[in-house]
Amino acid sequence: MGKIQAAITAVNAWAPDSRLTNDDLAKTLDTSDEWISSRTGIKERRILTDKNLGTSDMAANAIKGLFAKTKLSADDIDCLICATATPDVVFPSTACAIADKTNIQNAFCFDVMAACSGFLYSLVTAAKYIETGTCKKVLVVGADKMSAILDYADRRTCVLFGDGAGVVLLEPSTEGYGIIDSILKCDGRGRHYLHMKAGGSVKPASHETVENKEHFVYQDGHTVFKYATKNMADVTADVMARNHLTADDIAWLVPHQANKRIIEATAKRVGLDEKKITVNINKYGNTTNASIPLCLWEWEKQLKRDDNLILSAFGAGFTWGSIYMKWGYSTP
Ligand code: COA
């Protein structure tokens, strides 16, 4: 028997129906469809408009859809990891709320916070539970309600993000499928360039923090762009080199969807044709932790057993990383 690897055996995603287009934003902001689409590749994004719903509701919808698709039951799951930057509440974890809403009762559940790299960090964490034999069925869900932390009067940030959720099921494979290698990175000196200024233990919410709009995304877009472009390209090239892979060996690059120009820079660096890159930023914007599983879900029918995939991301922190995996199934 080969060594145990963690393979993705099912994928699902869920995004709200409500669409916010660039033209919609241009009605209230000094911006335009031309500016947003040429700088970012984004045309529209989905918004969870029901004020009573949060990140866990979108994640629960994605998971219920996965259960329906796979005939799996909630009792089969032994671990649930939720990657999110927009938890329902500071504590307890959003994973606990998701477990409640999906009736998952035989699993240990926790959140991972690595901003836009959170889905990759979570996948690698989940893989360890599978590889060591601790778990047999792990759900990794990436979900964010970015609209809850955006200032819709700030054209520099609100145009970039959208809401959504995606989930994958990880199971053991002894046939060489699943996660083969990964590189995860962090440089904490970057944390001030993309963050929320208040609401945590250092600066709890107060009248003053609300008046100063410190509960919204703050971003120095230019600096983030510079580091994202270099680091996502570097780590993608590094994981390929370490596994002796050339562009010809790769079926798909599945990048985090923050900016089309960042994605193109990564593809160019490793010599990948644009036909091999999953890009749906035009429809969803940057959904933070949901972007990679949203791509896997949308491209699922095109992914074939034995395909080599590279998943890459960069996010606040700074955090970034890349995973090399062999896809384990073809959809009939
Ligand atoms: N519409 C119109 N003008 C806008 C605008 C908008 N939505 N947002 C910013 N501008 C203006 C700026 O105010 C600035 O004007 P000024 O020179 O008069 O001050 C000008 O456009 C240029 O801004 P700049 O920030 O230099 O643009 P850019 O080419 O760097 O693109 C981003 C801005 C945000 C698209 C780009 O920096 C980016 O993608 N950064 C990384 C974002 C990211 O990936 N974040 C998540 C990481 S996971």
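Predicted model: local features only at pLDDT ≥ 70, side-chain atom pairs only at ≥ 80, totals over all residues.
Residues are numbered from 1 along each chain as its sequence is written, and side-chain values use heavy atoms, without hydrogens or water. Local features need pLDDT of at least 70 and side-chain atom pairs count only at pLDDT 80 or more, whereas totals for chains, interfaces and linings use all residues.

View 1. The ligand has 24 residues around it, of which Thr 31, Arg 39, Arg 155, Gln 219 and Asn 259 come nearest; a residue is near if one of its heavy atoms lies within 4 Å. By type, the shell comprises 10 nonpolar, 9 polar and 5 charged residues, with Gly counted as polar.

View 2. An N or O atom in the side chain of Thr 31 is 2.6 Å from a nitrogen atom of the ligand. From the backbone, an N or O atom of Arg 155 lies 2.9 Å from a ligand nitrogen atom, and a polar atom of Gly 221 is 3.0 Å from a ligand nitrogen atom. The protein covers 73% of the 950 Å² of accessible area that the ligand has on its own (Shrake-Rupley method, 1.4 Å probe).

View 3. Helix 2 (33-40), helix 7 (221-242), helix 8 (260-269) and strand 12 (308-315) each give two or more residues to the shell; helices (H or I, at least four residues) and strands (E, at least two) are DSSP runs. Helix 7 gives the most, with 4 residues. The ligand lies between domain 1 (5-176) and domain 2 (180-326), because both give residues to its shell; the domain bounds come from an automatic or database assignment.

Technical notes. Polar contact = N/O pair within 3.5 Å; in protein donor to acceptor, adjacent residues only side chain to side chain.
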